[in-house]
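These are notes for a colleague who is opening this model for the first time. Please read them with the structure in view.

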Amino acid sequence: MTEQSLFNLSNRILENVISKEDVEIVQKLFFSFEESIQDFDLIVVLAGEKLNRIKRAVELYHKRKVPILISGGSLSREGIREWEKYFQYGKSHGVLENNMIVEGESQNTYENLFYSLKILSEKKKFQRIVFVSSSFHLLRVSLTLLKVLEEVPLSIAYSFDSSDSGNISLDDWYLSRNGREEVATELRKIIKYHLLSYLNW
């Protein structure tokens, strides 16, 4: 899709004049990351304001007991760094401290991935990585990761796992104002990242 077509789609969503085709496009864009994840030796979770992402990362941790890399240096509403909030959640839900790796510099998705891969390039012991974020965010994560892997080349296998965003689901995202705004905002962030050369598509 072109930048203009994405922008037009975001406008239709905000104006709530959404066609059946628009719904199908959004579902393909944002809900196509459901994978059967069986084998991984590291979880990378991109921190956010809500705890949904770390909750999913902790669920995966308890399945395989592999380390979690928490990435996020932005300040949360509580005035602490997002990674700190996620670290405390992990600690209080059975994740060992020495199984959590912190990336605390990043301020956006591009930096999340860039700084995380820098850490991994130094450790050089993780081969199969699962990236965890909200379902509506994973498209931008995947496109940005392709760009970052050109800058920090690593020989890794990776997959994605989506957490419940709370506002948005495959079946009903377009029925609520919050869901529509979330999708439209994410579409515009993808356009912005493309203009900044932060991603490949």
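1. The crossing of helices α1 and α7 is left-handed, a term used when the near helix is turned anticlockwise from the far one by less than a right angle, with right-handed used for clockwise. Helix α1 spans residues 3-14 and helix α7 spans residues 177-195; the two pack at about 160° with their axes 9 Å apart. Axes are lines fitted to C-alpha atoms, for helices over the stretch in contact, and angles run from 0 to 180 degrees between N-to-C directions. The two helices are therefore roughly antiparallel to each other (under 35 degrees counts as roughly parallel, over 145 as roughly antiparallel, 65 to 115 as roughly perpendicular and the rest as oblique).

2. On the α1 side, this contact is made by Glu3, Leu6, Phe7, Leu9, Ser10, Asn11, Ile13 and Leu14. On the α7 side, the residues include Arg180, Val183, Leu187, Ile191 and Leu195. Contact means heavy atoms within 4.5 Å. By class, eleven residues in the contact of α1 with α7 are nonpolar, three are polar and four are charged. Here Ala, Val, Leu, Ile, Met, Phe, Trp, Tyr, Cys and Pro count as nonpolar, Asp, Glu, Lys and Arg as charged, and the others, Gly among them, as polar.

3. A word on the basis of these notes. The model is predicted, so local features need pLDDT of at least 70 and side-chain atom pairs count only at pLDDT 80 or more, while totals for chains, interfaces and linings use all residues. Residues are numbered from 1 along each chain as its sequence is written, and side-chain values use heavy atoms, with hydrogens and water left out. Helices (H or I, at least four residues) and strands (E, at least two) are DSSP runs, numbered from the N terminus.

4. Helix α7 also meets α2. The axes of α2 and α7 come within 12 Å and cross at roughly 65°, and this crossing is left-handed. Val26, Leu29 and Phe30 of α2 are in contact with Val183, Glu186, Leu187 and Ile190 of α7. The contact of α2 with α7 has six nonpolar, no polar and one charged residues.

5. Which residues touch the most other members of the largest nonpolar core? They are Ile13, Phe30, Leu42, Leu117, Phe131 and Leu187, in a core of 39 residues. The elements giving two or more residues to this core are α1, α2 (20-30), β1 (42-46), α5 (109-123), β4 (128-134), α6 (138-151) and α7. The largest share, seven residues, comes from α6. A nonpolar core is a set of buried Ala, Val, Leu, Ile, Met, Phe, Trp, Tyr and Cys residues joined through side-chain atoms within 4.5 Å. Buried means under 20% relative accessible area, exposed over 50%, and partly exposed in between (1.4 Å probe, protein chains only). In soluble globular proteins, nonpolar side chains tend to be buried together.

6. Phe30 can be followed across these elements. Not counting residues up to four places away in sequence, Phe30 touches Ser135, Phe136, Leu139, Val183, Glu186, Leu187 and Ile190.

7. The crossing of α5 past α6 is right-handed. Thr109, Tyr110, Leu113, Phe114 and Leu117 of α5 meet a set of α6 residues including Val141, Leu145 and Leu149.

8. Leu143 lies in helix α6 and, at 14% relative accessibility, counts as buried. Beyond residues up to four places away in sequence, Leu143 touches Leu199, Asn200 and Trp201. Leu143 and Tyr110 are 33 residues apart in sequence and 9.8 Å apart in space, C-alpha to C-alpha.

9. Val23, in helix α2, counts as buried at 14% relative accessibility. Leaving aside neighbours within four places in sequence, Val23 is in contact with Ile18, Trp173 and Tyr174.

10. Lys65 has a positive phi of about 55° although it is not a glycine, and Lys65 sits in the loop between α3 (52-64) and β2 (68-71). Ser197, also not a glycine, has a positive phi of about 60° and is found in the segment after α7. Lys65 counts as partly exposed at 47% relative accessibility, and Ser197 counts as partly exposed at 44%.
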